[in-house]
Amino acid sequence: MTEFATVDVKCITSDVSRSTFSEQDIEKLADSILKNDSLLRPLILKQTGIENFVVLDGHLEFYAAVRAREKNPRQAEMINSFVISPKDESTVNEQISFLRQSDKFIDLSSKTEKTEGISNWITSFENRLTEMREVIFQNNQSNESRFKQLETNLDKKSKENLLDVINISKKEVLIQELSRYGLPKKKVEAIYDAREQKKDKKFENYSDVVKSTKGKGFGVDAFISLIDAWENSHK
């Protein structure tokens, strides 16, 4: 499976020596990457670990990306690439080999045809790159929507148990939730602060809540009243 992705340049290695290429070519291509804010011919990478990749094709482009990152770390931190899994390496190498052979037979006798061919190729690739970026954007939007839905479902489920709400809610949510049952904001904040000081950032039980907030204006009677109000509203 081949996926288009932006990969951190620091996570990429090449088994081809940098000295194979002209420093002038590397420098020019690095400047072009910064100028265009992308690499028009993405690297082809094989993923060898969670955050480790090796170049299969595009070694010059890789070293240019490294140089671009040296010039502007923030702008050139990531580089566009096609990432393949190790099991697909042989079939991808076949295509790379074929394309390399095809490049050798480009007719250089007509400068006009060559220029038009390159221009058309770049235009075609830019269109595909735009489409890929849109797909990535849509996927990110979809994942964000799914994540929010999971949070909503978790909140609904957790409301069945007051201790769960106290243990997992963010500060603002906890204040809003417990204030509905007459608990002053300062007392809710005392519960939250006590939770954050716990080793695992959660209370073991209700007694632990009372014990941990002792001396902060939150007594047993107040907590019992809170539990009663909570249970009555969730019957």
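1. The count of aromatic pairs in this predicted model comes to two, where rings of Phe, Tyr and Trp (its six-membered ring) pair if their centres lie within 6.5 Å, and where planes under 30 degrees apart count as stacked, over 60 as edge-to-face and the rest as tilted. Phe21 and Tyr63 form a tilted pair, at 6.1 Å centre to centre and with 50° between the planes. Phe21 lies in the loop between strand 2 (12-13) and helix 1 (23-36), while Tyr63 belongs to helix 2, so the pair ties together parts that are 42 residues apart in sequence. Helices (H or I, at least four residues) and strands (E, at least two) are DSSP runs, numbered from the N terminus.

2. Tyr63 counts as buried at 10% relative accessibility, a term that means under 20% relative accessible area, with exposed meaning over 50% and partly exposed in between (1.4 Å probe, protein chains only). The rings of Phe62 and Tyr63 have centres 5.0 Å apart and planes at 55°, so this pair is tilted. Phe62 is buried, with a relative accessible area of 6%, whereas Phe21 is partly exposed, at 23%. Phe21, Phe62 and Tyr63 form one aromatic cluster.

3. Residues are numbered from 1 along each chain as its sequence is written. Because the model is predicted, local features need pLDDT of at least 70 and side-chain atom pairs count only at pLDDT 80 or more, whereas totals for chains, interfaces and linings use all residues, and side-chain values use heavy atoms, with hydrogens and water left out.

4. Helix 2 (residues 59-71) has 13 residues, which at 1.5 Å a residue should span 18 Å, and its end C-alpha atoms are 19 Å apart, which agrees; the expected span is 1.5 Å times one less than the number of residues. The buried residues of this helix include His59, Glu61 and Arg69 as well as Phe62 and Tyr63.

5. Ile12 touches Val7, Leu43, Leu45, Phe53, Val55, Phe62 and Ile79, not counting residues up to four places away in sequence, where contact means heavy atoms within 4.5 Å.

6. Arg195, in helix 7 (residues 185-196), is buried, with a relative accessible area of 5%. Its side chain reaches the backbone oxygen of Ser169 at 2.8 Å. Among the residues that Arg195 touches, leaving aside those up to four places away in sequence, are Ile166, Ser169, Lys201 and Phe203. Glu177, in helix 6 (residues 171-179), likewise counts as buried, at 9% relative accessibility. Glu177 and Ile166 are 11 residues apart in sequence and 9.5 Å apart in space, C-alpha to C-alpha.

7. Asp37, in the loop between helix 1 and strand 3, has a positive phi of about 60° although it is not a glycine, and at 53% relative accessibility Asp37 counts as exposed. Lys201, in the loop between helix 7 and helix 8 (206-212), has a phi near 55°, a positive value in a residue other than glycine, and counts as partly exposed at 43%.

Terms used
A polar contact is a pair of N or O atoms within 3.5 Å; within protein, one must be able to donate a hydrogen and the other to accept it, and residues adjacent in sequence count only if both atoms are side-chain atoms.
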